[in-house]
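Please go through the points below with the structure open beside the text. They are meant for a first reading.

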Amino acid sequence: MDEVPNGGDYDGPVGSLSAIEVVQTLSENQVNTDHPLEVIIFTNEEGGVVGSRALVGQLSPEALQVKSSSGLTQYEGIKAVGGNPDRIMEIKRKKEISPHF
């Protein structure tokens, strides 16, 4: 959801909302795709990639100790916003995803 300077026309909110609109339009028109389709939006992937790495089960304990520009480690930052970094690996996605429409 963030925007990177010089990231282009489709960076950040425009790209995120466009993806949501495409999925909503497909659903409203009952278009079935060959594979399940869903929109997943991460923020600040350039600065940490915690979300995407955790989602695929590739987030190392060392990555959670990296300090961000806030001065907090990724671990501390997750706690500061109300998350539980000790349970972050529980979000790993399974390969089997059922279609939503």
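1. A term is needed before anything else. Patches are made of residues with over 30% relative accessible area and no salt bridge, and nonpolar side chains are joined into a patch when they lie within 5 Å. On this chain, L17, I20, V39 and I41 make a nonpolar surface patch of about 300 Å². The model under review is predicted.

2. L17 sits in helix α1, which covers residues 13-28. Its relative accessibility is 54%, so L17 counts as exposed, since the cut-off for that word is over 50%.

3. Next, the overall layout. How many helices and strands does the protein chain have? There are three helices and zero strands. Read from the N terminus on, the order of elements is α-α-α.

4. Some totals for the chain follow. The protein chain has 101 residues, of which 15% count as buried. It exposes about 7,600 Å², and carbon and sulfur atoms supply 53% of that area. Taking contacts between residues at least 6 apart in sequence, 44% join residues at least 24 apart.

5. Which residues form the largest nonpolar core? It has seven residues: V50, A54, L59, A63, L64, I78 and I88. Apart from neighbours within four places in sequence, A54 is in contact with L59, I88, I91 and K92.

6. The salt bridges come next, and the count is two. In one, the side chains of E38 and R93 meet, with N to O at 2.6 Å. E38 lies in the loop between α1 and α2, while R93 lies in the segment after α3, so this pair ties together parts that are 55 residues apart in sequence. E38 is partly exposed, at 32% relative accessibility. R93 is also partly exposed, with a value of 31%.

7. The other salt bridge joins R87 and E90, whose closest N and O atoms are 2.7 Å apart. E90, at 53%, is exposed.

8. T73 deserves a look. It is found in the loop between α2 (50-55) and α3 (74-80). With a relative accessible area of 9%, T73 is buried, because the word applies to values under 20%. Which residues does T73 touch, leaving aside its neighbours within four places in sequence? They are L64, Q65, V66 and K67.

9. At 57% relative accessibility, E62 counts as exposed. E62 and Q74 are twelve residues apart in sequence, and their C-alpha atoms are 9.7 Å apart in space.

10. G12 belongs to the segment before α1. Its relative accessible area is 9%, so G12 is buried. How many residues separate G12 and I41 in sequence? The separation is 29 residues, and in space the two are 9.5 Å apart from C-alpha to C-alpha.

11. The last point concerns the backbone at Q30. Phi of Q30 is near 50 degrees, which is a positive value in a residue other than glycine. Q30 is in the loop between α1 and α2. At 68% relative accessibility, Q30 counts as exposed.

Notes: Residues are numbered from 1 along each chain as its sequence is written. This is a predicted model: local features need pLDDT of at least 70, side-chain atom pairs count only at pLDDT 80 or more; totals for chains, interfaces and linings use all residues. Side-chain values use heavy atoms; hydrogens and water are left out. Patches are made of residues with over 30% relative accessible area and no salt bridge: like charges are joined within 9 Å, nonpolar side chains (Val, Leu, Ile, Met, Phe, Trp, Tyr) within 5 Å. Accessible areas come from the Shrake-Rupley method with a 1.4 Å probe; for residues, only the protein chains shown count as cover. A salt bridge is a side-chain nitrogen of Lys or Arg within 4 Å of a carboxyl oxygen of Asp or Glu. Helices (H or I, at least four residues) and strands (E, at least two) are DSSP runs, numbered from the N terminus. Buried means under 20% relative accessible area, exposed over 50%, partly exposed in between (1.4 Å probe, protein chains only). Contact means heavy atoms within 4.5 Å. A nonpolar core is a set of buried Ala, Val, Leu, Ile, Met, Phe, Trp, Tyr and Cys residues joined through side-chain atoms within 4.5 Å.
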